[in-house]
Amino acid sequence: MPSSPAHRYTTTAIALHWVLAAALLGLLVFGWYMVGLPFSPAKLKYYNWHKWAGVTILLLSVLRLVWRLGHRPPALPARMAAAMPRWQHLAHHGVHHLLYALFFAVPLIGWAYSSAAGFPIVWFGLWQLPDFVPASPALAEAIKPWHELSAYALLALAALHIAAALKHQVIDRDGLLRRMWPGSAR
């Protein structure tokens, strides 16, 4: 099924989607790497980089949400929409809404943890961000697992999102992936 311009996302939406996807994947891998390191000046530097990237992802998420609110996503082609069972439509919308929620929750929880632990975020070493919550070791310990759990939830939803896109591409062969693929034929 060819993907007409009316059924494609805007170039800006496509760019934000793929930049955010790459940034999230990179930050998740980097996070796994850095937590396994022994305490050292390098580990402290990597934690700062992780925070900077998290704030950048938060800003990209704001930009993406603002773009999305001003530019409705394209409707599914009628034939494709008719072929999808109701549960797939519900899953499609539910996963997207939860992904957006986690785009904000994961970095905000990380910011709250950093603030509670008494470690300010100085974005790119230039701008100190305000503390999100007051410094409190007990609060930091309570928040810490939520950052990791929410990141894993984001990873699980992203994997589900990718699996669904691949299912449409490989099994259904309905061209759904072309709606968000950069440079796809219009």
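Helix α1 passes helix α5 in a left-handed crossing, a term used if the near helix is turned anticlockwise from the far one by less than a right angle, with right-handed for clockwise. This is a predicted model, in which local features need pLDDT of at least 70 and side-chain atom pairs count only at pLDDT 80 or more, whereas totals for chains, interfaces and linings use all residues. Residues are numbered from 1 along each chain as its sequence is written, and side-chain values use heavy atoms, with hydrogens and water left out.

**Fold and helix packing**

The chain holds five helices and two strands, taken as DSSP runs numbered from the N terminus (helices: H or I, at least four residues; strands: E, at least two). Read from the N terminus, the order of the elements is α-α-α-α-β-β-α, and the C-alpha trace spans about 55 × 30 × 25 Å along its principal axes.

Two helix pairs are listed below, with axes being lines fitted to C-alpha atoms over the stretch in contact and angles running from 0 to 180 degrees between N-to-C directions.

| Helix pair | Axes come within | Crossing angle |
|---|---|---|
| α4 (residues 86-116) and α5 (residues 137-172) | 8 Å | roughly 150° |
| α1 and α5 | 11 Å | roughly 135° |

**Aromatic pairs**

Twelve aromatic pairs are found in the whole structure, the rings of Phe, Tyr and Trp (its six-membered ring) being paired if their centres lie within 6.5 Å, with planes under 30 degrees apart stacked, over 60 edge-to-face and the rest tilted. One of them is the stacked pair of F30 and W49, at 6.4 Å centre to centre and 25° between the planes. Because F30 lies in helix α1 (residues 11-35) and W49 in helix α2 (residues 41-70), this pair ties together parts that are 19 residues apart in sequence.
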